[in-house]
Amino acid sequence: MSSMVAERIGLFYGVGVGPGDPELLTLKALRIIKAAGAIAVPISKEGIRAEQSRALKVVGQEADLAGTELLELFLPMTKDASVLESSRTIAAGKVAERLSSGIDVAFITIGDPMLYSTFSYLVPLVQKLVPEAGMHVVPGVSSVNAAAAASSVPLAESGEKVLVVPAAYSIEELKRWIEEFDTVVLMKIFRKVDELVELLTASGCAKRTVFVSKVGWPDEVVVTDISRLEVAEHDYFSMLIVRRG
Ligand SMILES: C[S@@+](CC[C@H](N)C(=O)[O-])C[C@H]1O[C@@H](n2cnc3c(N)ncnc32)[C@H](O)[C@@H]1O
């Protein structure tokens, strides 16, 4: 009889931790995070440590991570394709190394891992390096859902159409979006807030646009008439929801 035992390969999880309120962390997310040997923490700016990550702060309120490796993955927010490729390749290599050693890795992400998260870019790269590793996604409460709840704005009713866009990429299409869709969710609005507010006000949408920032955090901001928006309220974790009048 052969005495060969297959080496265990770790599992790679993309875990959504919700928008920031630890009560919106799912039971499943918590279970997977507590059991993982390594927590992969995406870091978008150089010099930032895992402990400063919003996703990790959410998790840290509910789970004791002493003894768990915090695997920092530098994944900068840039449009430079070569920087994106090299940072993702390095990050995938770090994950693959743990998986090959039999360690389960939980990549934590704010909101849901399948909505504008670097997790989905890493999956094929990790799969290429460790084809035997299993991949699992644990959905999280998206900031879109949390913002709609915080502002009591229904995203859609009956046959309505919803558009979710990363506004920073193509702001010039705003007019068409608000004409074609009943609800337009503008994400990634940071640095474009003033321009967007100006355009929406000029289009007569100010009173039916809500600004939601840091939803689920103690300093959450909800402004229901964007003409009252102050510069101090701008934050990367912000969005605008425009409803048809
Ligand atoms: C890279 S995307 C991540 C989306 C995330 N995966 C999700 O499901 O919510 C980042 C954008 O999500 C939005 N966002 C994330 N968390 C937020 C929060 N707590 N409050 C308001 N907007 C948030 C902002 O528009 C931000 O620019």
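How many nonpolar, polar and charged residues does the shell around the ligand have?

## Basis of the model

This is a predicted model, in which local features need pLDDT of at least 70, side-chain atom pairs count only at pLDDT 80 or more, and totals for chains, interfaces and linings use all residues. Residues are numbered from 1 along each chain as its sequence is written.

## The ligand shell

The shell has 12 nonpolar, 9 polar and 3 charged residues. Here Ala, Val, Leu, Ile, Met, Phe, Trp, Tyr, Cys and Pro count as nonpolar, Asp, Glu, Lys and Arg as charged, and the others, Gly among them, as polar.

In total, 24 residues surround the ligand, and the closest are Gly-111, Tyr-116, Ser-142, Ser-143 and Met-187; a residue is near the ligand if its C-beta atom, placed from the backbone, lies within 6 Å of it. Helix H5 (143–151), strand S8 (209–213) and strand S10 (238–243) each give two or more residues to this shell. Helices (H or I, at least four residues) and strands (E, at least two) are DSSP runs, numbered from the N terminus.

The ligand lies between domain 1 (11–138) and domain 2 (143–243), because both give residues to its shell. The domain bounds come from an automatic or database domain assignment.

## Helix H5

Ser-143, Val-144, Ala-146, Ala-147, Ala-148 and Ala-150 are the buried residues of H5, buried meaning that 20 or more other C-beta atoms, placed from the backbone, lie within 10 Å of a residue's own. They pack against S6, S7, S8, strand S9 (221–223) and S10, with contact set at C-beta atoms within 7 Å. After H5 comes Ser-152, with a positive phi near 55°.

Terms used: A residue is buried if 20 or more other C-beta atoms lie within 10 Å of its own, exposed if 12 or fewer, and partly exposed in between; C-beta atoms are placed from the backbone. Two residues are in contact if their C-beta atoms, placed from the backbone, lie within 7 Å.
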